[in-house]
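Here is a guided walk through a protein model, written for someone who likes to look at side chains. Have the sequence and the 3D view side by side as you read.

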Amino acid sequence: MSSPGTADNPLRVAIIGSGPSGFYAADALLKNKDGIIVEVDMFERLLTPFGLVRGGVAPDHQKIKNVTKLYDRTAGHENFRFYGNVEFGTDITHAEMTDRYHQIVYAVGAQTDKQLGIPGEDLAGSHAATEFVAWYNGHPDYRHLTFDLSHETAIVIGNGNVAMDVTRILASSPEELAKTDIADYALEALRESKVKRIVMLGRRGIAQAAFTNPELKEFGELEEAQVIVSEEDVMLDPLSTNYLTDSGDRSAEKNVSMLQDYYEIPHDPDKPKAIVMRFLVSPTKFEGDGKVEQVEIVHNELYLNDRGTLRPRATETFETIDAGIVFRSIGYRGVPLPGVPFFDKWGIIPNVDGRVTDTHEGEFVPGDYAVGWIKRGPSGIIGTNKPDSIETVKNMLEDLAEGGHYNPTQTTRAAVEDLLNERNVRFITFADWQKIDEIEVAKGEEAGRPRVKFTDPAEMMALLESSEAQPSGD
Ligand code: NAP
């Protein structure tokens with residue numbers, strides 16, 4: 001039998017997950033230049049699409065969210081279908097997928113957080129930054145969480161861009177937040193926040209910080225907060241000076257000079273909040289009576305490891321900081337999917353350039369592919385996913401001639417929809433999402449905000465059902 005990809009026998013692809021990497025994969029498949037006819041069905045666990053663009057990107061970074069206009073265009077392709085509210089492994093299993101699709105692309109991202117592995121990490125008041133981010137962005141699974149913001153000091157561990165987002169949201173004024181699409185309940189909770197001092201702990205020095213220049217610049221533009229950094233931290237050690245000279249790392253250079261400028265700025269008594277940026281420190285334990293009250297930290301020094309990287313090493317100097325809440329922001333981690341290989345050590349689906357393997361460095365699983373964070377780990381910005389997905393799609397299409405696909409027996413869309421209907425899974429189409437989107441944006445316009453998000457799936461479902469029940473007006 002000839003390879004799928006013809007008008008009579010289109011290549012049927014299921015994409016699991018509707019974040020940027022999933023949409024870039026869909027786009028590359030539908031626009032392929034090899035003349036291969038592809039039908040893409042995208043499955044999403046939530047009722048709403050766009051993954052971290054909706055649930056991760058900070059609410060005050062609206063411009064970044066405009067990228068969804070490109071995804072809307074992909075979704076408008078006649079061979080694209082969206083099935084929201086469908087959970088892979090529960091509502092439809094891997095085996096059921098392989099009987100309905102030639103190829104499957106996992107685009108599920110990295111849904112949990114890394115652990116520090118220190119005493120007290122599980123005390124009340126110690127939170128994964130990822131949970132706080134999902135909460136303030138209105139992710140339905142996290143909307144019921146509560147954060148105790150009654151203490152003046154909050155600690156953020158790590159200094160990647162997620163840590164910067166969390167710190168900036170904590171340091172923003174209610175007026176600044178009210179202009180964004182932050183979830184309403186989060187806006188209310190942050191309005192009542194007593195947090196005045198946010199201490200960020202970076203384990204390495206200023207020249208090795210993981211944040212990028214625009215995020216550091218934004219700290220200086222906040223209405224109510226000023227950046228505090230110590231003289232000791234802004235003085236470069238010889239190893240870092242050599243690194244900057246030898247590497248030509250312009251972003252690190254800019255970070256260093258911006259931090260040195262922040263150090264020079266005199267204290268502004270009119271700004272009630274402080275972002276205290278600490279470097280070369282690591283938390284060693286969280287302590288308190290049933291909840292976090294203190295964080296013990298150790299001072300670090302840098303050393304050059306055998307791979308030529310500057311790494312942190314603990315010294316004998318310890319310090320204790322009083323704080324009421326801690327956000328651990330040391331990176332995301334993927335979670336396994338039922339019936340799909342997983343490499344626990346790296347928290348990813350094992351793969352070579354997107355081709356899934358049964359184990360790390362094992363055999364290929366023909367028909368299974370990965371894109372985005374579940375393929376390469378949690379790094380890079382939204383745009384990084386475009387070339388990443390293009391690479392996987394190129395391999396998918398190349399593999400067709402070699403039999404790199406499943407041999408499904410039920411290759412119509414009706415076969416998928418019948419299965420979901422039999423299971424009483426009320427799937428969300430892209431048109432359904434567009435109705436939700438329209439209402440969110442309209443509510444936002446009334447309030448002078450980009451949108452007012454629905455966060456309760458039952459409310460979204462009721463809205464869709466009531467709009468279905470309305471007479472069409474013809
Ligand atoms: P990240 O950039 O990898 O940062 C992780 C941070 O945690 C680093 O500061 C790291 O320090 C620190 N860390 C790791 N293990 C630690 C430990 N055991 N103890 C103390 N500190 C530890 O990760 P992320 O912030 O979660 O961001 C994920 C990706 O999304 C990044 O590529 C980021 O740029 C991107 N992102 C972009 C934006 C944006 O464009 N605005 C916003 C959010 C996220 P070391 O550097 O020493 O390892």
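What follows goes from helix packing to salt bridges and then to a few individual residues.

A word on the ground rules comes before the tour. This is a predicted model, in which local features need pLDDT of at least 70 and side-chain atom pairs count only at pLDDT 80 or more, while totals for chains, interfaces and linings use all residues. Residues are numbered from 1 along each chain as its sequence is written, and side-chain values use heavy atoms, with hydrogens and water left out.

Let us begin with helices. Helices here are DSSP runs of H or I with at least four residues, strands are runs of E with at least two, and both are numbered from the N terminus. Helix 1 (residues 20-30) packs against helix 4 (residues 68-75) at an angle of about 45°, and their axes are 10 Å apart. Axes are lines fitted to C-alpha atoms, for helices over the stretch in contact, and angles run from 0 to 180 degrees between N-to-C directions. Helix 1 and helix 4 are therefore oblique to each other; angles under 35 degrees count as roughly parallel, over 145 as roughly antiparallel, 65 to 115 as roughly perpendicular and the rest as oblique. Where do helix 1 and helix 4 meet? P20, F23, Y24, A26, D27 and L30 in helix 1 meet Y71, T74 and A75 in helix 4, contact meaning heavy atoms within 4.5 Å. By class, this contact of helix 1 with helix 4 has 7 nonpolar, 1 polar and 1 charged residues. In that count Ala, Val, Leu, Ile, Met, Phe, Trp, Tyr, Cys and Pro are nonpolar, Asp, Glu, Lys and Arg are charged, and the others, Gly among them, are polar.

Now turn to helix 6 (129-136) and helix 7 (residues 161-171), whose axes come within 10 Å and cross at roughly 55°. Helix 6 and helix 7 are therefore oblique to each other. From helix 6, A129, F132, V133 and Y136 meet V162, D165, V166, I169 and L170 of helix 7. The residues of this contact of helix 6 with helix 7 divide into 8 nonpolar, no polar and 1 charged.

Move on to N137, in the loop between helix 6 and strand 7 (153-157). N137 is buried, with a relative accessible area of 1%; buried means under 20% relative accessible area, exposed over 50%, and partly exposed in between (1.4 Å probe, protein chains only). Leaving aside neighbours within four places in sequence, N137 is in contact with R54, G55, G56, V57, P59, K65, A183 and K453.

A salt bridge is a side-chain nitrogen of Lys or Arg within 4 Å of a carboxyl oxygen of Asp or Glu, and a search of the whole structure finds 32 of them. K65 forms a salt bridge with D181, with the closest N and O atoms 3.3 Å apart. This pair links distant parts of the chain, with K65 in helix 3 (residues 62-65) and D181 in the loop between helix 8 (174-178) and helix 9 (184-191), 116 residues apart. Both K65 and D181 are buried.

Another pair to find is K375 and E391, whose side chains meet in a salt bridge (2.7 Å, N to O). K375 lies in helix 14 (residues 373-376) and E391 in helix 15 (residues 385-400), so the pair ties together parts that are 16 residues apart in sequence. Elsewhere, R12, E39, D41 and R413 are linked in a network of salt bridges.

In the loop between helix 14 and helix 15 you will find G383. The C-alpha atoms of G383 and S21 are separated by 9.0 Å, although these residues are 362 residues apart along the chain.

Finally, a look at the backbone. Most residues other than glycine have a negative phi. N85, not a glycine, has a positive phi of about 65° and lies in the loop between strand 3 (80-84) and helix 5 (94-98). D353, also not a glycine, has a positive phi of about 50°. D353 is partly exposed, at 40% relative accessibility.
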